[in-house]
Amino acid sequence: MRTEYIINRLIQVLPVMLGIITLAFVMLRLAPGDPITIYMGVRASEEDLQYLRHLYGFDKPIYLQYIDYLKRIAVGDFGTSISYQKPVFDIILKRLPVTLSLVLYSLGFSVIVAIPAGIYSALHKNRISDHIVRFISLIGVSIPRFFTAILLIYMLGYYLEILPISGYVPLREDFVKGSMHLILPAVSLGGALMGYTMRVMRSSMLEVLGENYIKAARAFGLQEKVVVWRYALRNALLPVITIIGLQFSTLLGGSIIIEEIFGIEGIGRLTYRALLARDYPLIQGVVIYYSFLFLLSVIIVDVLYAIIDPRIKYE
C-alpha cells in the first residue's frame, strides 16, 4: 500500500511540474533583456545575433518555442546553456552533489540542535534554561543568513583561523576536509531553520505534554523518560517534520547567496550567474531541479507522517 501511495503521489507531481515549467517559460520571455545580446555583447554584428537566435529557436513564435521545449524535456533534453555552451543537464548534474551536500549538512545541523533543545526547553518551562533556548531561537530566526555568514567568516575563519572560509572539497575525495569546508556555510544557511524548528518543537512538546493521555500515563506511575520519549515525542514531532519538509525549499533558495559568499560552485551560484546572463535554458533547468526536489520532499514528509503516527493511513 505504501508503494502504491508513493507511485500515485509521483504521478500527481506531473501536472504540477507542467504548470511550473509553463510559468517559468512565460515569465522568462516577458522579462526584459535579450540573452543572445548579453552573451555576444553590443559590438556583435546583426548577422551573428540572428544566427544564434535561429540556432536556439528564439526567432520562432513563443508558442512554437514552448512546444519544442516540452518535446525536448519529454526525452530528457533540457537544451544547451547559452553561457557555458554545454548541455544544461550535464551542468546541473555536475553541481548537484555540491548543493545537496550543503543543504543536507544545514538540515542535519538544524535538526540535531533544534529538536533536543526544543524538548529540553519544554521540559524546563519558564526556567532560566528555557529562556536561554528561546533567546537563541529568536536570534536564529531574526539574523539574516548573509550577516551570519559574515560573522562566522570573521570570527572562526579570519580571527581564530579554525575553519576554512571559502571553497569546496568533494566529500568522496576527502570526507573530513570536505566537512570542514561545509561547516560555516551549513551553519549560516541552517541558522534560521534551527531557530524556527526549535520554537515549533518547544510549542508542540508543551501541547502534547498537556494532553490527557500523558497525564494518564504519569498517573499510572510510568517513568518520566518513558512518558516523554515513548508517548509524547512521536506526536510532538509531526508538526516539526512538516516544518522541516517545507523549509527544504527555503534552504535550496538560500543556498544562492551562501554559495556566492563562500565561493562554492553549486547550483545556487550557478542560478545567480544564469539570471545575470538571462540564460533561458539554464534558468529553466534549474527551476525544474528546484521544483522537483521540493515536491519530492513533500512526498517524503507524507510518508514519514504515517511511519511516525500509525493512525495516519495511506489513501
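Leaving aside its neighbours within four places in sequence, which residues is Ser 291 in contact with? In this predicted model, the partners of Ser 291 are Met 17 and Ile 20. Ser 291 sits in helix 12, which spans residues 280-308. With a relative accessibility of 11%, Ser 291 counts as buried, because the cut-off for that label is under 20%.

Tyr 289 and Tyr 290 pair up through their rings, with 5.0 Å from centre to centre and 45° between the planes, and the pair is tilted. Tyr 289 has a relative accessibility of 9%, so Tyr 289 counts as buried. Tyr 290 comes out at 15% and therefore counts as buried as well. The model has 8 aromatic pairs by the rule applied here. There is also an aromatic cluster, made up of Phe 25, Tyr 66 and Tyr 69.

Next comes the nonpolar interior. As a general point, nonpolar side chains in soluble globular proteins tend to be buried together. Here, the largest nonpolar core holds 69 residues, and Met 201 and Met 205 have the most contacts inside it. Helix 10 (residues 224-262) supplies the largest share of this core, with 14 residues.

Two packed helices are described by the angle between their axes and the distance between the axes. For helix 5 (residues 88-123) and helix 11 (residues 267-277), the axes come within 8 Å and cross at roughly 130°. That angle is why helix 5 is oblique to helix 11; the roughly antiparallel label would need an angle over 145 degrees. On the helix 5 side, the contact is made by Ile 91, Ile 92, Arg 95, Leu 96 and Thr 99, while helix 11 contributes Ile 267, Gly 268, Leu 270 and Arg 273. Sorted by class, this contact between helix 5 and helix 11 has 5 nonpolar, 2 polar and 2 charged residues.

How values were computed: Residues are numbered from 1 along each chain as its sequence is written. This is a predicted model: local features need pLDDT of at least 70, side-chain atom pairs count only at pLDDT 80 or more; totals for chains, interfaces and linings use all residues. Side-chain values use heavy atoms; hydrogens and water are left out. Axes are lines fitted to C-alpha atoms, for helices over the stretch in contact, and angles run from 0 to 180 degrees between N-to-C directions. Helices (H or I, at least four residues) and strands (E, at least two) are DSSP runs, numbered from the N terminus. Angles under 35 degrees count as roughly parallel, over 145 as roughly antiparallel, 65 to 115 as roughly perpendicular and the rest as oblique. Contact means heavy atoms within 4.5 Å. Ala, Val, Leu, Ile, Met, Phe, Trp, Tyr, Cys and Pro count as nonpolar, Asp, Glu, Lys and Arg as charged, and the others, Gly among them, as polar. A nonpolar core is a set of buried Ala, Val, Leu, Ile, Met, Phe, Trp, Tyr and Cys residues joined through side-chain atoms within 4.5 Å. Buried means under 20% relative accessible area, exposed over 50%, partly exposed in between (1.4 Å probe, protein chains only). Rings of Phe, Tyr and Trp (its six-membered ring) pair if their centres lie within 6.5 Å; planes under 30 degrees apart count as stacked, over 60 as edge-to-face and the rest as tilted.
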